[in-house]
Amino acid sequence: MTFPEGVVIACDEGKPELPVAGSQYFFRFDWDKDLSRLTSWEEATHNGNTWEVHRDDGTTGFLVGVGVVPEYRGMRVSHNLRFGEHKISELLIAFVLDSLFNAGVERVIANARIPFYHKVGSEMRVEAYCAFRQEGKLFDPVLRFHERMGAKILKPVSYSMDDPESRNGGCWVVYERRFES
Ligand SMILES: CC(C)(COP(=O)(O)OP(=O)(O)OC[C@H]1O[C@@H](n2cnc3c(N)ncnc32)[C@H](O)[C@@H]1OP(=O)(O)O)[C@@H](O)C(=O)NCCC(=O)NCCS
């Protein structure tokens with residue numbers, strides 16, 4: 001692995017035998033805001049072989065995937081990372097965004113799964129699904145999560161990866177640097 005910092009694991013100290021509660025993987029690469037280069041998750045990550053695309057000085061952070069173990073989803077916990085109680089997903093992404101922006105990236109992008117896409121009629125195109133989500137007309141937990149954390153929708157794509165829940169589709173989202181130092 002060429003970028004070991006790109007793995008963040010959230011652990012439950014109360015369960016030493018099985019401590020993992022969530023994880024977030026990320027890397028850096030060069031992206032010039034050309035939307036046509038944002039195709040599938042598979043292509044962008046070299047099928048998850050991110051060491052092939054990672055650049056230590058890449059301009060753009062890439063969130064490969066965030067996951068919280070089901071029993072911890074929605075649960076609010078205390079951590080010295082942030083004042084008050086927060087979801088593990090929020091702590092993971094806040095930590096990663098801070099790390100990447102402090103290290104100098106200009107923006108952070110992700111190819112979000114759209115796991116409730118299979119619940120809408122098959123005639124609805126992925127562009128309409130993500131637009132309706134943006135307008136608050138339907139619900140998707142992963143898009144909801146990214147939007148709540150401050151991401152903006154960049155570009156829906158009809159093929160991201162083999163993912164039946166998302167009908168193989170996905171949605172590129174971007175986190176812009178909030179404050180210039
Ligand atoms: C994405 C993920 C990390 C979010 O974790 P989380 O924030 O702890 O998840 P939650 O259970 O709180 O769900 C997120 C939101 O969806 C809502 N939600 C979840 N299931 C819902 C449902 N069936 N109907 C309506 N709302 C639902 C929650 O209320 C929450 O909304 P809020 O932000 O207003 O509180 C978690 O869902 C996960 O690990 N998913 C599997 C892996 C994955 O798909 N990762 C994304 C890769 S791009």
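View 1. A residue is taken as near a molecule or strand if its C-beta atom, placed from the backbone, lies within 6 Å of it. The model is a predicted one, in which local features need pLDDT of at least 70 and side-chain atom pairs count only at pLDDT 80 or more, whereas totals for chains, interfaces and linings use all residues. Numbering of residues starts from 1 along each chain as its sequence is written. The ligand is surrounded by 17 residues, the closest being V68, R73, G74, S89 and P141. Two or more residues of this shell are given by each of β3 (60–68) and α4 (141–148); helices (H or I, at least four residues) and strands (E, at least two) are DSSP runs numbered from the N terminus. Helix α4 supplies the largest share of the shell, five residues. By residue class, the shell holds eight nonpolar, four polar and five charged members, where Ala, Val, Leu, Ile, Met, Phe, Trp, Tyr, Cys and Pro count as nonpolar, Asp, Glu, Lys and Arg as charged, and the others, Gly among them, as polar.

**View 2. The buried side of helix α4.** Residues V142, L143 and H146 of α4 are buried. These residues lie on the same side of α4, because they cover an arc of only 100° around the axis. Here a buried residue has 20 or more other C-beta atoms within 10 Å of its own, an exposed one 12 or fewer, and a partly exposed one a number in between, with C-beta atoms placed from the backbone. The arc refers to the directions from the helix axis to the C-beta atoms. An α-helix has 3.6 residues a turn, so residues three or four places apart point the same way. The cover over the buried residues of α4 includes β6 (107–112), α3 (126–134) and β8 (170–176). Just after α4, G150 adopts a positive phi of about 110°.

**View 3. The surroundings of A112.** Residue A112 belongs to strand β6 and counts as buried because it has 29 C-beta neighbours inside 10 Å. Apart from neighbours within four places in sequence, A112 is in contact with V142, L143, H146, G170, C171 and V173; contact requires that the C-beta atoms of two residues, placed from the backbone, lie within 7 Å. The C-alpha atoms of A112 and S158 are separated by 12 Å, the two residues being 46 residues apart along the chain.

**View 4. The six-stranded sheet.** An open sheet of mixed pairing is formed by six strands in the order β1-β2-β3-β6-β8-β7. Its edge strands, β1 (7–11) and β7 (152–157), each pair on one side only. On average, and with direction ignored, neighbouring strands of this sheet are turned by 25° against each other. Two strands are said to pair if DSSP finds at least two bridges between them. Strands of a sheet pair through backbone hydrogen bonds, either parallel or antiparallel.

**View 5. Strand β8 and its two partners.** Strand β8 is largely enclosed by the rest of the structure, because five of its seven residues are buried. Strands β6 and β8 run antiparallel and are joined by six bridges, with N111 standing opposite W172 in β8. Strands β7 and β8 also run antiparallel, joined by five bridges. V157 stands opposite G170 in β8, and K152 has V174 of β8 as its bridge partner.

**View 6. Helices α2 and α3 against the sheet.** Helix α2 (residues 88–102) lies across β1, β2 (20–29), β3, β6 and β8, and runs at about 25° to β2. Helix α3 packs on the sheet, where it touches β7 and β8, and its direction makes about 160° with that of β7. Axes are lines fitted to C-alpha atoms, for helices over the stretch in contact, and angles run from 0 to 180 degrees between N-to-C directions. The buried residues of α3 are V126, Y129, C130 and R133. They lie on the same side of α3, because they cover an arc of only 90° around the axis. These buried residues pack against α4, β7 and β8. G136, which follows α3, has a positive phi near 75°.

**View 7. Two loop asparagines with positive phi.** N47, found in the loop between α1 (41–44) and β3, has phi near 55°, a positive value in a residue other than glycine. N47 is exposed, with 12 other C-beta atoms within 10 Å. N168, in the loop between β7 and β8, has phi near 70°, likewise a positive value in a residue other than glycine. With 18 C-beta neighbours inside 10 Å, N168 counts as partly exposed.
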